[in-house]
Amino acid sequence: RTVPSHDVDIPHCARRSVRTAALDVVKRRDLQLALKSLSATADPCDTFDYLLDQSERRGLTSAFFFMAGVTSPAHDGGYSLDDPRLRALLRRVNDRGHELGLHPSYDTFRSPEKIRGELDTLRAACAAEGIEQDTWKGRQHFLRWENPATWRAYEEAGLAADWSLHFPAHPGFRAGTCFEYPVFDLRARRRLALRELPLIAMEASFLQYLALSHDDAYDRMAELKRRCREVGGTFTLLWHNNRLGTARERRLYEAVLDA
């Protein structure tokens, strides 16, 4: 199966300031986003309806991971779930039958207290909009993850699953598998209730960290998808909403879904 997911780092980027565009280049290493956000008349980050449409056309369920706190202003999205636009987005994702998850901020990966606080904020925002989920999953911002600290923090915070396990600059099978599995705490010598679904491919790995062409990025992602298919596993794909502002980016995304 294919599981598309989307980390909502930057939900809106139209008419962003020169300072914010500079952060796009220096901190996020994303020159394209900086140029698009300074020149666009429409919001190039507001691709959520497009993402929902693409999943639904293929019978897929997307997971959207939202930030609910700031622990590093230089790295975190800095938006608020009290923003009416974000509340409307939470409702839209839920109403269309897709999943909501937590995207814990930059300096949370060793702290169950910080993760729990951000999860409480997300759940409260959802509850205020009449949104209920039986379980909640998370994926770390910048994929900052440490064994066993992050797994322990997730379980203590009340999350049911982690989707963080991935090397940004080395896409593929960091966990050696493309199947969800129960987590084992090597220090405490016990099985946790938490589940891990390892991430197999992220668009930034190919287009940003490895600086591949779109054709080469497609070939690499299609090969990873083929290897998952060979064993009947799960091809987990992370594609950020702010990397779909051009027709070329959208063609690549759709091609990977259809590979």
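This is a predicted model: local features need pLDDT of at least 70, side-chain atom pairs count only at pLDDT 80 or more; totals for chains, interfaces and linings use all residues.
Local features need pLDDT of at least 70 and side-chain atom pairs count only at pLDDT 80 or more, while totals for chains, interfaces and linings use all residues. Residues are numbered from 1 along each chain as its sequence is written, and side-chain values use heavy atoms, with hydrogens and water left out.

**Cysteines**

One disulfide (a pair of cysteine sulfur atoms within 2.5 Å) is found in the whole structure. Cys13 and Cys45 form this bond, with an S to S distance of 2.0 Å, and the link is right-handed, with 105 degrees about the S-S bond. Cys13 lies in the loop between β1 (2-8) and α1 (18-26), and Cys45, 32 residues apart from it, in the loop between α2 (31-39) and α3 (48-57). Helices (H or I, at least four residues) and strands (E, at least two) are DSSP runs, numbered from the N terminus. Both Cys13 and Cys45 are buried; buried means under 20% relative accessible area, exposed over 50%, partly exposed in between (1.4 Å probe, protein chains only).

The sulfur of Cys178 has its closest cysteine sulfur in Cys228, at 4.0 Å, which is too far for a bond.

| Residue | Relative accessibility | Class |
|---|---|---|
| Cys126 | 0% | buried |
| Cys178 | 5% | buried |

**Helices α8 and α9**

The axes (lines fitted to C-alpha atoms, for helices over the stretch in contact, with angles from 0 to 180 degrees between N-to-C directions) of α8 (residues 214-230) and α9 (residues 247-258) come within 9 Å and cross at roughly 20 degrees. The two helices are therefore roughly parallel, a class for angles under 35 degrees, against over 145 for roughly antiparallel, 65 to 115 for roughly perpendicular and oblique for the rest.
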